Amino acid sequence: MSDIQQPTIERKKRVLSCIQPTGVPTLGNYFGALRNWVKMQDEFDCFYAVADLHAITVRQDPAKFRQQIMETFALLMAIGLDPEKSLLFVQSQVPAHAQLSWLLSCCTQFGELSRMTQFKDKSAKHADNINLGLFSYPTLMAADILLYQPEYVPVGADQKQHCELTRNIAERFNSIYGNTFVVPEPYIMKTGARVRSLQDPTKKMSKSDENVNAFISLKDDKDTIIRKFRRAVTDSEARVYYGEGKDGINNLMEIYGAIVGKTMQEIEQEFEGKGYGDFKSAVGEAVAGELTPIQERLQTLLGDKAQLEQLMRTGAEHASYVAGRTLAKAQKKMGFYQFK
Ligand code: TYM
């Protein structure tokens, strides 16, 4: 045997995550997920998708929906994802997602899906349309993830329960049919994992909130951003500090900290002796400073639809190749007849 040591070539760990193209993403999507996706793209082998199949669990206007899919795809690049480094694609353009979802739905228990808080919330909100897709949404999400065999799934805290169910489904499948799927872990950052509504800080910031002052959309212009922060619900004290019963201020401090890179204590020091007005203006300015360049890049990208479509096509082809291999493996393990 040679005594020359062989270099160990380590495979980069893989990451997958998705965002729904329902409306314009918010600052919550940005801090909870999107910004972290960009931070991960050099260190990991990343797959990021626009989850359009998930979006139809709630009724969408077809013309608007089509446009939002393209805009969300463009936004992935506007925030700094590089299609040369990360594989960017649209979920419905990779048929393996719907196919694996069916196989996994036969390995998911009714009781498990009934316990999902998102299902409970959404069926309360859309009581006139509690469709089967809304219920089985987490098995489609499990398929999105497991098809790419990722080690990590970077998401906001609200998706933790779905990621845990994905792990259970993967473990169950592996124990029944033999090792098939990597069992992935949710990757949830400490800061920004749960950005809260500006109008009711006990709730998460959501793009479907009826009150537009409750969320910052990534397309809000500077004046709108400043105005929404000025109107943000806080408390009757006037001292900027992080503490219990100060949900509104805590939320603003977390948003500010995520942008300027300061700890809560450092922010308290910065605003010592200053009131909420000054603090809210500073948060608004910081957020606008972060979003303006993204908005400019988005406009440029949307100006070249042919290029976007080409990138979408290439992404779908590459993703289909990877996903197709996992799907074939799962089908084989389950005993489906495959041609030689
Ligand atoms: P979606 O489209 O609702 O949100 C996209 C990402 O943004 C995060 N997020 C937040 N983070 C912090 N604070 C908030 N207020 C906030 N609001 C949203 C979400 O946690 C998410 O990471 N089911 C997913 C989409 C999906 C998916 C997947 C994710 C489909 N397939 C596979 C991961 C892997 C969803 O509805 O995210």
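Colleague: How do the residues of the lining of the largest pocket divide into nonpolar, polar and charged?

Modeller: This is a predicted model, in which local features need pLDDT of at least 70 and side-chain atom pairs count only at pLDDT 80 or more, while totals for chains, interfaces and linings use all residues. Residues are numbered from 1 along each chain as its sequence is written, and side-chain values use heavy atoms, without hydrogens and water. Ala, Val, Leu, Ile, Met, Phe, Trp, Tyr, Cys and Pro count as nonpolar, Asp, Glu, Lys and Arg as charged, and the others, Gly among them, as polar. On that basis the lining of the largest pocket divides into 18 nonpolar, 20 polar and 12 charged residues.

Colleague: Which residues lie nearest the centre of the largest pocket?

Modeller: On a 1 Å grid over the protein atoms alone, a pocket is an open set of points with protein on both sides within 12 Å along at least five of seven lines, whereas a cavity is a set where a 1.4 Å probe fits but cannot get out; lining residues have an atom within 4 Å of a point. The largest pocket holds about 1,400 Å³ of space, a volume being the space filled by probe spheres set on grid points joined across faces, edges and corners. Of its 50 lining residues, those nearest the centre are Gln20, Lys122, Asp158, Lys204 and Ser206.

Colleague: Which helix gives the most to the lining of the second largest pocket?

Modeller: The second largest pocket has a volume of about 310 Å³. Helices (H or I, at least four residues) and strands (E, at least two) are DSSP runs, numbered from the N terminus. Helix 2, helix 4 and helix 7 each supply at least two residues of this lining. The greatest contribution, six residues, comes from helix 7.

Colleague: Which residues line the largest cavity?

Modeller: The search of the whole structure finds one cavity of 30 Å³ or more, and the largest cavity has a volume of about 40 Å³. Helix 6 (117–125) and helix 7 (132–146) each supply at least two residues of its lining. The lining residues are Met116, Gln118, Phe119, Lys122, Leu134, Tyr137, Pro138 and His162.

Colleague: In strand 2, what is the bridge partner of Leu16?

Modeller: Two strands pair if DSSP finds at least two bridges between them. Arg14 has Asp45 as its bridge partner in strand 2. For Leu16, the partner is Phe47.

Colleague: Is Glu43 buried or exposed?

Modeller: Glu43 lies in the loop between helix 1 and strand 2. Buried means under 20% relative accessible area, exposed over 50%, and partly exposed in between, with a 1.4 Å probe and protein chains only. Because its relative accessibility is 59%, Glu43 is exposed.
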